[in-house]
Amino acid sequence: MTAAAAMATAGALLLSGCSTGGTDAGGGGENYDIGVVVLDLQDPDLALMTEAMEATAQEEGVTLAISDSKKDVASELTQIEDLITRQVDAIILQPLDGEASQNAAKRVIDAGIPLFILSTEFAEGADIAYESYIGVDDTLAGQMQAEYLNETMPEGGDIVFAAGIYGASWTDRRKSGFEEKINDNFNVVAEFQAKGSRDEAKRNMEDTLQRFGAGEIVAVVANNDEMAIGAASAIRDAGRTSEFTAVVGVDGTPAAVSAIEAGDMTATVRQDSEGQGSEAVRVVHSFLEGEAVEDRYTLPFTLITEENLADFK
């Protein structure tokens, strides 16, 4: 029985890919415990991000404790407090809300734990003394969506806008970027909040289609791919695909690439979620090893359309 228990313990350590303390897997340096709080592990894009983080943690010889706030600010705070109690060496936070999530961030800083921000940001003007931000400039994603419509639909038209979560930086910045660049001959005739959900976007789009007749709407712009896919599904089920010149998302998920190939979507603005996750782990590890890190690491976006689809399949 003792031998069996020892084998089981060894197997669990191998599966985790991390040592339990002392030195790292490569035998050089200290093994650090890094807490991570992401806003929704059910999101396919964030699932890719955390998978990349776990793989990089194995390479770096550090231990990750990943938790999911499930788009709930109270849960986000509870998870942060748990990580503080565990006395982790650093915390990576993906803020859910630009304003409300500042409370959780301040708890980390007050506890003397280095804080790093991943992918989403706080509201403009927030005074949060985190060590580094690793992610993207979401304003650019909205601008790229607008520029895509301006180029492909110079005649303009009435469009639907699918917002994510009002107050979340990724929503507010993508929306403001779109509004900054979209031509005056486009008019948003319907806007709904679908919280990044495919199902919620589909239900909202079904309601919108009932309010607008054939040919009255020419495009859908969504803050993420899941909502774009949901809206496209409603359009397809209603037999109205031919009415829409563009259905555009953000993230560049495999599902979105497949939707573009199938003709349900026309474009997405891809962010390198895996790259963000990997870079975050490397930056935090470097910091804990006493190395200098930058205040900000910003990865680029890429527009995916039918023309370059083969490069991302």
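## Helices H3 and H4

In this predicted model, where local features need pLDDT of at least 70, side-chain atom pairs count only at pLDDT 80 or more and totals for chains, interfaces and linings use all residues, the axes of helix H3 (residues 73–85) and helix H4 come within 9 Å and cross at roughly 10°. Residues are numbered from 1 along each chain as its sequence is written, and side-chain values use heavy atoms, with hydrogens and water left out. Axes are lines fitted to C-alpha atoms, for helices over the stretch in contact, with angles from 0 to 180 degrees between N-to-C directions. H3 is therefore roughly parallel to H4 (angles under 35 degrees count as such).

Helices (H or I, at least four residues) and strands (E, at least two) are DSSP runs, numbered from the N terminus. On H3 the contact (heavy atoms within 4.5 Å) is made by Glu76, Leu77, Ile80, Glu81 and Ile84, and on H4 by Asn103, Ala104, Arg107 and Val108. By class, this contact has five nonpolar, one polar and three charged residues. Ala, Val, Leu, Ile, Met, Phe, Trp, Tyr, Cys and Pro count as nonpolar, Asp, Glu, Lys and Arg as charged, and the others, Gly among them, as polar.

## Serine 101

Serine 101 lies in the loop between strand S3 (90–93) and helix H4 (102–110). Serine 101 counts as buried because its relative accessibility is 0% (buried means under 20% relative accessible area, with a 1.4 Å probe and protein chains only). Leaving aside residues up to four places away in sequence, serine 101 touches Glu76, Leu93, Pro95, Leu96 and Phe122.

## Helices H5 and H6

The axes of helix H5 (residues 138–152) and helix H6 (residues 169–181) come within 6 Å and cross at roughly 35°. The contact of H5 with H6 has five nonpolar, six polar and six charged residues.

## Nonpolar cores

A nonpolar core is a set of buried Ala, Val, Leu, Ile, Met, Phe, Trp, Tyr and Cys residues joined through side-chain atoms within 4.5 Å. The largest has 28 residues, and Met205, Val220 and Met265 have the most contacts inside it. Two or more residues each come from strand S6 (157–163), strand S7 (186–193), helix H7 (198–211), strand S8 (219–222), helix H8 (225–237) and helix H9 (254–262). H8 gives the most, with seven residues.

Methionine 205 touches Val160, Phe192, Val220, Ala231, Ala234, Ile235 and Phe244, not counting residues up to four places away in sequence. A second, separate core of 26 residues includes Ala57, Phe116, Ile134 and Val281.

Terms used. Buried means under 20% relative accessible area, exposed over 50%, partly exposed in between (1.4 Å probe, protein chains only). Angles under 35 degrees count as roughly parallel, over 145 as roughly antiparallel, 65 to 115 as roughly perpendicular and the rest as oblique.
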